[in-house]
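Please look through the sequence and the three-dimensional structure shown below before reading on.

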Amino acid sequence: MIQITNASKTYAARDGSTVHALSGIDLEIADAEFVSLVGPSGCGKSTLLRLVAGLAPASGGLIDVDGETVDQPRRDIGIVFQSPTLLPWETVLDNVLFPLKIMHSMSPDAPDRARALLRLVGLDGFEEKHPSELSGGMQQRAAICRALIHDPDILLMDEPFGALDALTREEMSLELLRIWTDQPKTILFVTHSIPEAVLLSDRVVVMSPRPGRIAEIINVPLPRPRTFDMEGLPEFQERSQHIRSLIFGDRGGRHGAAT
Amino acid sequence: MALQPRARWLSGFGQEVALPVAVMATLVVIWEISVHAFAIPVYLLPAPSRIWVDSAAMAGTIWGHTVATLNTVLIGFAVSIFISLPLAVALTSSRLVANAIYPLLVLTQAIPKVALAPILVVLLGSNELPRIVVTFLVAFFPLVIAIATGLLAVPGELIELGRSYKASKLQELWRIRIPYAIPFIFSGLKVAIALSVVGAVVGEFVNADKGLGYLIVSSTAFFQVPVAFGALILLSLLGVVLFQAVVVAERVLFPWSAKQSQGAIG
């Protein structure tokens, strides 16, 4: 369980002024829950993810994972960044095994587990290829396998599909849900896309900028497994529209298509 | 339209090998003819044929000189690598170290190596050592800069990736920074090997009893200009062969790196 209590993050800007990236964040994420963070640029959603990851310290408040305060990266967390960040000199298989090598927990069955994960995301046959030989979507799939190789309880994803084209993006969303059903994990998912957030999540956390804080938390009661057909359901439309109006305010009506 | 077949011939093997060879051969022929036509004295500019004949006559001796120079170049180059790598790592590891060492490094580059060489001979004795030190001093700086640039060019995301799995500083260096810097390191090595030849010759000019640099000094002193030219040509060939050896080493050892840098530096 992730427990964020009154968390804030400030940092000094270049001109010496203090920037309030996050302020008064309260959020509890249950085990195996899928929670998305949505909001405009500068609302601190990626910063919040980095705090949970232990990559940056909170300036105030507490961040607990399973009752322990997060003050450094944890072994039971897997992270997927916006870009695949694969090592260009390693094969896909070695890239997936990278966390185990760093954490000195390579076991004899690790390569087999990596192959199984790659099979799960449809990358069988690409194990010995180098990242440059893969498309952007395939690279991101490999990055997801890498985040899963040490079987973390928590998966933090920072706009993982942001750099992909729309079609690949939809395909990857469903794939992620399939993996999540296969291996239930707590997922904290940062995205710019409102439909993506609604489709994937149990709850959508809408954030507003300057300082970054939670505007509203929206439950998504759609049944699982989710499919793209659900985008037509009134529940889906209603929630998307509500989130849009939270983010864009009055402008939401005029720029209805904005995602 | 009529140009197309010729252009195609030139684009492949032709453009890369046959064309430069043809241009070279033409220049040599023009050189040969000019020397005879204008009756240029041998001690000013020997004809290519004369360079060949005179150099071939003392092939054994020249071979010994070549081996001596090659030896100095390779040892100096190896010393450059062994010193540059840890130096670049130290430079990039902390501001403090960088501020402490960097001005010293710049100073070593400000000193004219030709001026330093005689002093090194006094300091280190009349042997191979001052030549190796000069070679090192000429070659190592661009290598340090190239390696340091590579170590610092690692995208923040890759460093963050390492941190998220609690990689130690050593793991970060060994598993992320150094592999990432390989293409940079090799572009530095290509500059360094070319400069090593320059450094070795500078060393030999000042103090040596063998080597191609020594051969040039001694043969011009006795007006054996064709032999000096022969030594010069051999030195150039040596430079080209060593440079290509570095290129091949990169392709064999780090094919992914060679693929990356192919566009920039062949």
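How much space lies in the second largest cavity? The answer is about 30 Å³, where a cavity is, on a 1 Å grid over the protein atoms alone, a set of points where a 1.4 Å probe fits but cannot get out. Grid points are joined across faces, edges and corners, and a volume is the space filled by probe spheres set on the points. This is a predicted model, in which local features need pLDDT of at least 70 and side-chain atom pairs count only at pLDDT 80 or more, while totals for chains, interfaces and linings use all residues. Residues are numbered from 1 along each chain as its sequence is written, chains are lettered from A and ligands numbered from 1 in the order in which they are written, and side-chain values use heavy atoms, with hydrogens and water left out.

By this rule there are two cavities of 30 Å³ or more. The residues that line the second largest cavity, meaning those with an atom within 4 Å of a point, include A:Val121, A:Phe161 and A:Met172. Helix H4 (136-148) and helix H5 (166-182) of chain A each supply at least two residues of this lining, and H5(A) gives the largest share, four residues; helices here are DSSP runs (H or I, at least four residues) and strands likewise (E, at least two), numbered from the N terminus. Sorted by class, the lining of this cavity has six nonpolar, no polar and two charged residues, where Ala, Val, Leu, Ile, Met, Phe, Trp, Tyr, Cys and Pro count as nonpolar, Asp, Glu, Lys and Arg as charged, and the others, Gly among them, as polar.

Chain B has 11 helices and zero strands, and its C-alpha atoms fill a box of roughly 75 × 65 × 30 Å, taken along the principal axes. The largest pocket, a pocket being an open set of points with protein on both sides within 12 Å along at least five of seven lines, has a volume of about 740 Å³. Of the 18 residues that line this pocket, the closest to its centre are B:Met24, B:Ile233, B:Leu234, B:Ser236 and B:Leu237. H10(B) gives the largest share of the lining, six residues, and by class the lining has 14 nonpolar, four polar and no charged residues.

Where the two chains meet, 16 residues of chain B are in contact (heavy atoms within 4.5 Å) with 25 residues of chain A. The area buried between them, which is the accessible area (1.4 Å probe) lost on being put together, summed over both, is about 2000 Å², of which carbon and sulfur atoms give 65%. On the side of chain B, B:Leu161, B:Tyr165 and B:Arg175 lose the most area to chain A, together 35% of what that side buries. The rule finds one salt bridge across this interface, a salt bridge being a side-chain nitrogen of Lys or Arg within 4 Å of a carboxyl oxygen of Asp or Glu. The side chains of B:Glu160 and A:Arg50 meet in a salt bridge at 2.3 Å, N to O.

Finally, the backbone of chain A deserves a look. Most residues other than glycine have a negative phi, and most peptide bonds are trans. A cis peptide bond, however, joins A:Arg210 and A:Pro211, with omega about -15°, and A:Pro211 has its place in the loop between strand E9 (203-208) and strand E10 (213-219) of chain A. A:Ala32, although not a glycine, has a positive phi of about 65°.

Key. Buried area is the accessible area (1.4 Å probe) that two parts lose on being put together, summed over both.
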